[in-house]
Amino acid sequence: MTTPLLELRGVTRQFGALRAVDGVDLQVPPGARHALIGPNGAGKSTLFKLVTGSMPVTSGTVALDGSDITKLGEAQRARRGISQTLQHSSLFLSQTVERNVVMAAQRQPGGNRHSLVPRRQKATRDRARELLVDVGLERRSGALVSALSHGERRQLEVAVALACEPRLLLLDEPAAGMSPAESGRLVGLLKALPDTVTLVIVEHDLDVVFALATSVTVLHLGKLLLTGSPDEVRASTAVQEAYLGTGRESLFLDTDGPAGLDVSRSEQGVS
Amino acid sequence: MSAPARPTTPAATAPAGGSSAVPGSRRSRGRAPLRAVPALAVLVVLALVPYFVGPDETDILSRVLIFGLFAVSLDLLVGITGLPSLGHAAYFGVGAYTAGLVAEHWTPNAPVPVLVAAGAGAVAAVLTGWLVVRSDGVFFLMLTLAIGEITSQLALQLDDVTGGSDGLFGIPTFRIGGEPLRLEGYRYWYVLAVFVITFAAVWLISRSPFGLALRGIRDNEDRMRSLGYSPFRYKYVAYVLAGAFAGIAGGLFAQFNRIVNPSDAGFALSAITLLALVLGGAGSLWGPVIGMAVVVVVRDYYGPDLGGHGPLVLGIVFVIAVYVLPRGFAGLAGLGALRGRRRGAVSAHATDPDDPGSGAVPGTSSEERPA
């Protein structure tokens with residue numbers, strides 16, 4: 001059996017009396033398209049932070065490609081190939097779209113980030129433009145991020161994350177607030193990523209989840225409820241109960257009819 | 001000095017990959033040679049000044065350039081990297097004393113004292129920055145303030161080396177090839193040459209990939225960490241570079257003024273330079289030089305005629321400037337340069353068309369983390 005690219009063992013994060021993430025064991029094989037779902041407050045975003053290192057674990061270990069990275073800081077983990085998009089956008093609002101991508105791309109090998117004099121960073125800029133074309137923002141490359149729409153910012157987040165040339169790409173609700181056309185484009189882009197990029201995605205829009213994911217993990221109240229194929233997850237009564245408890249049963253009834261999801265999607269877009 | 005050497009027509013810079021839609025970046029690159037024109041014009045005017053004004057005015061202009069250079073070094077720290085130091089004069093002082101001692105005991109020949117002063121400023125920043133740069137917000141302010149005060153106290157106490165409260169005096173002025181520069185105009189030209197070279201260096205750094213990373217750290221340190229940058233390293237290098245450039249300014253000052261005393265490393269200089277940054281517009285590099293020109297002219301040129309009320313006038317100028325020009329003098333140029341930019345840009349207040357995030361001194365803006 002191959003080494004899992006990401007392996008969590010007994011990962012726990014405690015906030016005072018609350019265990020936001022409680023003893024989660026998870027293995028994500030290389031090249032996987034793995035989705036993390038669960039009702040609000042299930043601990044999905046916290047789990048992401050524990051993987052990226054922006055928050056330390058209370059106990060448990062995180063391993064990337066077989067090596068323990070629990071003790072490493074966020075920047076070190078990023079350099080090992082963990083990249084993310086955040087639920088709440090944290091782009092450089094006062095810089096241009098292209099520079100946001102260049103900022104990430106110049107960090108990569110061959111990107112001369114240490115240069116103290118201006119260079120014609122042709123390779124870096126070409127890479128940035130390629131990525132902007134991929135996410136559909138090429139017409140906005142000279143605009144300031146503060147002038148972008150919400151959907152455009154999410155697209156830019158994805159371009160920046162890809163510019164880090166990740167081995168493991170964590171996407172926290174990448175489609176939140178996107179129009180159906182935009183999220184369709186995003187799914188296409190993510191599907192086209194090479195196998196060398198392993199995806200873990202948190203998403204409420206189950207159209208996106210089931211279009212992309214080859215395996216799904218359900219979190220509930222910080223605990224891992226179930227990991228399985230999309231079909232297994234859909235069929236699971238335990239999962240249905242977890243969602244029923246939060247009044248979101250409709251999410252699971254209409255997964256085949258895109259039109260049926262419109263209500264729930266707009267609901268999620270607000271959150 | 002801002003123009004790339006080869007001509008860049010829009011067609012030549014368009015990517016071959018057929019993407020025809022990068023108007024913003026292409027246009028600004030095509031305009032780069034044009035943007036160098038004002039800089040060259042200013043340089044020519046500055047070089048010709050001694051032919052048209054008297055020695056007193058030339059002397060004041062030299063001071064403007066020396067302290068302007070110091071303001072530029074502080075701007076690298078404050079405007080570009082987002083580290084509002086209250087003790088930057090420490091490195092100016094270290095440079096000044098070093099150059100004074102070198103000129104007196106070794107050689108006053110250019111450019112030795114200035115180069116040694118740059119090294120001394122850098123070393124001082126290496127030693128202190130290690131601690132200072134790790135701190136944040138109000139702790140950063142307190143630590144830099146302490147370093148400034150400790151440095152000027154040391155200058156006072158170590159009187160065997162520094163001359164104590166009398167300071168170093170009778171420092172030999174600049175020499176080139178063993179020949180002392182006696183005429184005010186020659187001294188001015190030497191100061192101008194060092195100013196231009198150093199300013200160009202800081203300007204290049206601010207436009208480099210490293211400089212872009214510094215701006216990123218200024219705007220959002222956490223984000224940079226998630227992109228794989230280690231902010232501490234970048235801030236530390238920036239701190240050391242700023243220390244070296246401040247050392248150069250101090251080195252020029254020692255041989256120009258021929259007297260250095262402990263107050264030249266003290267809080268008053270740091271404070272007045274921060275004022276120049278606010279006045280001129282932090283982050284633009286050239287704005288602070290203009291701000292410093294106002295400060296120096298009011299304090300040193302008109303000051304004597306005002307019967308000791310120079311600081312009062314300065315205070316009034318400062319208050320007016322904060323109300324009338326919230327982003328300093330550079331904000332005025334920023335407005336013009338941005339007019340042609342894409343609409344929707346909310347950065348009309350920025351001081352630098354290349355860096356719309358510039359303009360605010362960190363700590364004076366409500367967007368900053370609580371200090």
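In chain B, helix α8 (residues 184–207) packs against helix α11 (residues 231–257) at an angle of about 175 degrees, and their axes are 11 Å apart. Because of that angle, α8(B) is roughly antiparallel to α11(B). Axes here are lines fitted to C-alpha atoms, for helices over the stretch in contact, and angles run from 0 to 180 degrees between N-to-C directions; angles under 35 degrees count as roughly parallel, over 145 as roughly antiparallel, 65 to 115 as roughly perpendicular and the rest as oblique. On the α8(B) side the contact is made by B:R187, B:V191, B:V194, B:T198, B:V202 and B:I205, and on the α11(B) side by B:L241, B:F245, B:I248, B:L252 and B:F256. Two residues are in contact if their C-beta atoms, placed from the backbone, lie within 7 Å. Sorted by class, the contact has nine nonpolar residues, one polar and one charged. Ala, Val, Leu, Ile, Met, Phe, Trp, Tyr, Cys and Pro count as nonpolar, Asp, Glu, Lys and Arg as charged, and the others, Gly among them, as polar.

The model is predicted: local features need pLDDT of at least 70, side-chain atom pairs count only at pLDDT 80 or more, and totals for chains, interfaces and linings use all residues. Residues are numbered from 1 along each chain as its sequence is written, while chains are lettered from A and ligands numbered from 1 in the order in which they are written.

Chain B as a whole has 15 helices and four strands. These are DSSP runs numbered from the N terminus, helices being H or I of at least four residues and strands E of at least two. Of the 371 residues in chain B, 49% are buried. A residue is buried if 20 or more other C-beta atoms lie within 10 Å of its own, exposed if 12 or fewer, and partly exposed in between, with C-beta atoms placed from the backbone. Among contacts in chain B between residues at least 6 apart in sequence, 73% join residues at least 24 apart.

B:G216, in helix α9 (residues 209–219), is buried because 25 other C-beta atoms lie within 10 Å. Leaving aside neighbours within four places in sequence, B:G216 is in contact with A:F92, A:M103 and B:M224. B:V37, in helix α2 (residues 23–52), is exposed, with 11 other C-beta atoms within 10 Å.
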